[in-house]
Amino acid sequence: MDIQYDVVIVGSGPAGLTAAIYASRANLKTVILEADTPGGKLTKTYEIENYPGIAKISGVDLAMQMMEHSGNWGAEIEYDGCEKVIPHEGYFEVVLTSGNVMTTKTVIVASGTRERLLDLPHATEFTGRGISYCAVCDGAFYKNKDVVVIGGGNSALEESLYLTQLVNRVYIVIRRDVFRAEPKVVEKVRSNPKITLITKSLPDALVIEDNKVTGLVIKNVDSGELTTLDCAGIFPYIGADPATGFLQDLGVLNKNGYMEVDRNMETAIKGLYGAGDVVVKDLRQVVTATNDGAIAANSAARKING
């Protein structure tokens, strides 16, 4: 069997790009698979203020810097998706969305997570036409209009702050009366005059008029009272699920679909590693993703080089 690569990295977010830097510096023949946009969720993040050594940077700029760095030592990038990973004795086959097959000594899965979609009638139909999962991508379409952000985590609040630079008003709807976001971010949100907080409420229905989203009906979780918020756009940040469907038959996932790995980022299948948001962990941040990528690549290098 002709083994084409030492390591195939699935995903080009911070974990995958860091793994590529460490793997290629260890003289491993490395390829990154990316089915969408290099940089992962960084490209959908307006501003990052907690990456060590960089006080403030846009997600896109950090992604581009990581992308450039990852190629400095010879790592390749292939714009294709991963459909299946097939373990063999001493190597893996990686089946791509295009139908092509790669062979490799090790695999690092850094495929991240996918946003959980809004579960309301017509939500799918109006995605991209009033419903968006990326404020950085689509915020400009709602200039000087009112929008609703759903969610109380860091992503929801950070993107709300970004939207205030473009829109007239941001309504933030959360299910509880406390936030899951960092206190500093919550403080910024509470002090912003363009943001209105609506607690203990859930989205109940879209308001559609003339084939456009014109509002969101919300329900109070205590009283059941329905209220309509007039808005031109809705941005749900209601969680995410791991992008691991291509691993479901390998016995390396927990009940929620996250990869179970040891301290070397290795799964129960030797030579198969996980890194970043896709693994079981408590804190999903850029800095923890880069940590995972470095460990996974170093572990792969030790396995290959002995």
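I call a residue buried under 20% relative accessible area, exposed over 50%, and partly exposed in between (1.4 Å probe, protein chains only). Phe235 is buried, at 0% relative accessible area.

The model is predicted: local features need pLDDT of at least 70, side-chain atom pairs count only at pLDDT 80 or more, and totals for chains, interfaces and linings use all residues. Residues are numbered from 1 along each chain as its sequence is written, and side-chain values use heavy atoms, with hydrogens and water left out.

Next I looked up ring pairs. Rings of Phe, Tyr and Trp (its six-membered ring) pair if their centres lie within 6.5 Å; planes under 30 degrees apart are stacked, over 60 edge-to-face, the rest tilted. I searched the whole structure and got two aromatic pairs.

Entry one: Tyr46 and Tyr162. Their ring centres are 4.4 Å apart and the planes stand at 40 degrees, so I log the pair as tilted. Tyr46 is partly exposed at 27% relative accessible area. Tyr162 is buried, with 13% relative accessibility.

Entry two: Tyr142 and Phe235. Here the centres are 5.6 Å apart and the planes at 80 degrees, so this pair is edge-to-face. Tyr142 is buried at 8% relative accessibility.

Last, charges over rings. I count one if NZ of Lys or CZ of Arg is within 6 Å of the ring centre and within 35 degrees of the ring normal. Lys29 lies over the face of Tyr5, 5.3 Å from the ring centre. Arg129 has its charged end over the ring of Phe126, at 4.4 Å from the centre.
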